[in-house]
Amino acid sequence: MIKLVLTDMDYTLTCPERMQVSDKALAAIHRLQELGVRFGPASGRDQRDLTNMFRGHTECFATGLMSNGKKVFVDGKLIHRVVLDRQALEHLMAALRTMPGTWLITRSPHGDKACGISPQDFSKTSWSADPAIRPLPGLPEWELSTAGIMWDPDDPAIDGEAVHALADEAAPEFHYLSPAPGMLDVLPAGWTKASGVRILQEALGLEADEICAFGDSDNDLAMMEYLPNATAVANANKAVTRASRWHIGSTFDDAVADALAELARAAESGGVPSFMRAAGGDQMHACTTS
């Protein structure tokens, strides 16, 4: 029986054409919660972004993972936080200055900052249209859990693999995962969303096969490999698709909302969601996990 549902946000529950959670998804989330099934994001996003994406429904992310699992919440209480190494961030920011068009973003309740890039250079980026992001000469003064490398994916002068290689050399204290084109999430070496899932799992007293997770990209991969009931959207990359036991439609068709509604119906009836029905019978897949 599924007792916790986690979902990535960008290109999974939401997409560029629909950056806020749909009415259909909100209704399904609330129904799951009414039935005693916990729901939450497993996202690289932080509280401010999620407040907007869930349209002010803070109950939808009171439990879950933020900042790629570097922040773990249960019922609105922060139970675990990982702070990024400041000196390593300084080295990374300095390296990015040598590659025009790339920059470091930091996110926190204090606001989003484009770090180490001049206002003039930032104005040339596609992200300058976002009023929530402000350029900053260096790092903000507060502790940081959320940071990423940004560039314009349509800029032919920027090679994403070269950006990745530059980051690896400049700050090997981190590892870098792509959640979407033109972005690399910054995580402490060895840390993934699966690390956060394990902390949340222990806090809630759940087995791995009692958790269903939805995802699409590299920063979801370790989580999808860990959970027996990992579910990939149709637009997921090949690695996530291969790692996931279950498969649904595209995020662009709001397929996760439909899957959440199926999970709610199954929780109410004691049955199995249709997307979790194996070819040989009406049973959820179960497997051992490391």
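This note sets out numbered points on strands, loops and pockets in a predicted model.

1. Basis of the model. Local features are given only where pLDDT is at least 70 and side-chain atom pairs only at pLDDT 80 or more, whereas totals for chains, interfaces and linings use all residues of this predicted model. Residues are numbered from 1 along each chain as its sequence is written, and side-chain values use heavy atoms, with hydrogens and water left out.

2. Strand β12. Helices and strands are DSSP runs numbered from the N terminus (helices H or I, at least four residues; strands E, at least two). Strand β12 covers residues 211-215, and five of its five residues are buried, where buried means under 20% relative accessible area, exposed over 50% and partly exposed in between (1.4 Å probe, protein chains only). In a regular strand the side chains alternate between the two faces of the sheet. On one side of β12 the buried residues are I211, A213 and G215, and on the other they are C212 and F214.

3. Neighbours of β12. Two strands are taken to pair if DSSP finds at least two bridges between them. β1 and β12 run parallel and are joined by four bridges; within this pairing, L4 stands opposite I211. β12 is also joined to β13 (residues 229-232) by four bridges, again in parallel, and there G215 stands opposite A232. Together with helix α7 (residues 221-226), β12 and β13 make a right-handed β-α-β unit. Right-handed here means that, with the strands pointing away from the viewer, the path from the first strand over the helix to the second runs clockwise.

4. D8 and Y11. Both residues belong to the loop between β1 (4-7) and α1 (23-34). Because its relative accessibility is 4%, D8 counts as buried. Contact means heavy atoms within 4.5 Å; leaving aside neighbours within four places in sequence, D8 is in contact with L13, A42, S43, K193, F214, G215, D216 and D220. Of these, F214 and G215 are buried residues of β12. Y11, by comparison, is partly exposed, with a relative accessible area of 26%. Its phi is near 65°, a positive value in a residue other than glycine.

5. D75. Most residues other than glycine have a negative phi, and most peptide bonds are trans. D75 has a positive phi near 50°. This residue lies in the loop between β4 (71-74) and β5 (77-81), and it counts as exposed because its relative accessibility is 54%.

6. Strand β11 and its partners. Five of the six residues of β11 are buried, so the strand is largely enclosed by the rest of the structure. β11 pairs with β9 in the antiparallel sense over three bridges, with D185 as the bridge partner of G148. Strand β10 (residues 174-177) also runs antiparallel to β11, through four bridges, and H175 stands opposite L187. The hairpin of β10 and β11 has five residues between the strands, and in it G182 takes a positive phi near 75°.

7. Largest pocket. On a 1 Å grid over the protein atoms alone, a pocket is an open set of points with protein on both sides within 12 Å along at least five of seven lines, whereas a cavity is a set where a 1.4 Å probe fits but cannot get out; lining residues have an atom within 4 Å of a point. Grid points are joined across faces, edges and corners, and a volume is the space filled by probe spheres set on the points. The largest pocket has a volume of about 740 Å³. Its lining holds 43 residues, and D10, R45, R107, W127 and M183 lie nearest the centre. Two or more lining residues come from each of α2 (47-53), β6 (103-107), β9 (146-150) and β11 (183-188), with β9 giving the most, at five.

8. Second largest pocket. This pocket has a volume of about 330 Å³. Of its 22 lining residues, P100, G101, T102, I117 and D121 lie nearest the centre. The elements that give two or more residues to this lining are α3 (86-96) and β6.

9. W142. This residue is placed in the loop between β8 (133-136) and β9. Leaving aside neighbours within four places in sequence, W142 is in contact with R86, S108, H110 and K113. The C-alpha atoms of W142 and R265 are separated by 44 Å, the two residues being 123 apart along the chain.
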